[in-house]
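This report goes through a few local features of one protein chain. Look at the structure first, then read on with it open.

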Amino acid sequence: MTGKQQAQRGAYEWVQTLVYVVLAVVLLFTFVGRLSRVQGESMRETLQDRDLLLVLNGYLCGSYEAGDIVIAQRGDFNDGAPIVKRVIATEGQTVDIDFNAGTVYVDGAALEEPYAREATWLAEGVEFPLTVPAGCLFLMGDNRNASTDSRDVQVGLVDERDVLGHAIFVLFPFSDFGAIR
């Protein structure tokens with residue numbers, strides 16, 4: 001094999017490897033996970049504005065549970081941009097909020113919410129108590145009084161089909177790098 005043929009073969013192998021890597025990345029982000037950026041202060045203290053998240057695609061998550069942080073997207077809210085919120089209740093559960101005491105109840109039990117920035121004082125127009133229908137989620141931001149979430153009639157209950165996935169990891173900034181709790 002001549003030097004020219006070796007160079008051509010080396011270039012071919014390099015291009016082939018690059019194509020495989022690009023294909024693997026595309027498949028990974030299409031079927032397994034995606035990246036999403038936090039926009040706004042609604043999830044403080046857990047997540048900060050502009051955090052970059054690794055999100056496990058919805059169909060790999062199985063069912064959602066209270067406490068999960070999810071990314072939802074609907075064309076009729078937030079100009080179609082994704083929102084990051086915490087699952088408070090799932091189908092069949094009843095949510096009630098005592099805005100005078102700032103307490104959220106699910107199925108009659110007050111939630112212990114160490115992740116919440118402060119008590120829930122802000123009512124947004126949804127009538128409580130509210131039972132979550134099949135296939136829907138009740139979502140709230142951790143910064144309760146600075147979050148547009150399921151308490152607001154603009155968002156309301158979120159259909160599980162509008163959930164892009166479960167946020168599992170903060171990738172950036174590096175000071176916050178790690179699994180989301």
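## Terms and model

A residue is called buried when its relative accessible area is under 20%, exposed when that area is over 50%, and partly exposed in between. Asp-107 has a relative accessible area of 48%, so Asp-107 counts as partly exposed. The model is predicted.

## Salt bridges around Glu-45

Side chains of opposite charge can pair when their charged atoms come close. There are eight salt bridges in the structure. Some of them join up: Glu-41, Arg-44, Glu-45 and Arg-117 are linked in a network of salt bridges.

Within this group, Glu-45 pairs with Arg-44, and the closest N and O atoms of that pair are 3.6 Å apart. Glu-45 also forms a salt bridge with Arg-117, where the closest N and O atoms are 2.2 Å apart. Arg-117 sits in the loop between β7 (109-110) and β8 (130-131), while Glu-45 sits in the loop between β1 (33-37) and β2 (52-57), so this pair ties together parts that are 72 residues apart in sequence.

How accessible are these residues? Arg-44 has a relative accessible area of 22% and is therefore partly exposed. Glu-45, at 46% relative accessibility, counts as partly exposed. Arg-117 is partly exposed as well, with a relative accessible area of 37%.

Another salt bridge joins Glu-113 to Arg-144, with the closest N and O atoms 2.6 Å apart. Glu-113 is in the loop between β7 and β8, and Arg-144 is in the loop between β9 (136-140) and β10 (158-159), so the pair ties together parts that are 31 residues apart in sequence.

Are the two partners buried or exposed? Glu-113 has a relative accessible area of 17%, so it is buried. Arg-144 is at 0% relative accessibility and therefore counts as buried.

## Backbone exceptions

Most residues other than glycine have a negative phi, and most peptide bonds are trans.

Which peptide bonds are cis? The bond from Phe-128 to Pro-129 is cis, with omega near 0 degrees, and Pro-129 is found in the loop between β7 and β8. The bond from Phe-172 to Pro-173 is also cis, with omega near 10 degrees. Pro-173 lies in the loop between β11 (163-172) and β12 (178-179).

Arg-50 is not glycine, yet its phi is positive, near 80 degrees. Arg-50 belongs to the loop between β1 and β2. Its relative accessibility is 52%, so Arg-50 counts as exposed. Asp-107 also has a positive phi, near 55 degrees, and is a residue other than glycine. Asp-107 is placed in the loop between β6 (103-106) and β7.

Note on methods:
Residues numbered from 1 in each chain as written. Predicted model: local features only at pLDDT ≥ 70, side-chain atom pairs only at ≥ 80, totals over all residues. Heavy atoms only, no water. Salt bridge = Lys/Arg side-chain N within 4 Å of Asp/Glu carboxyl O. Buried < 20%, exposed > 50% of the residue type's maximum accessible area, 1.4 Å probe, protein only. Helix = DSSP H or I, 4+ residues; strand = E, 2+ residues; numbered from the N terminus.
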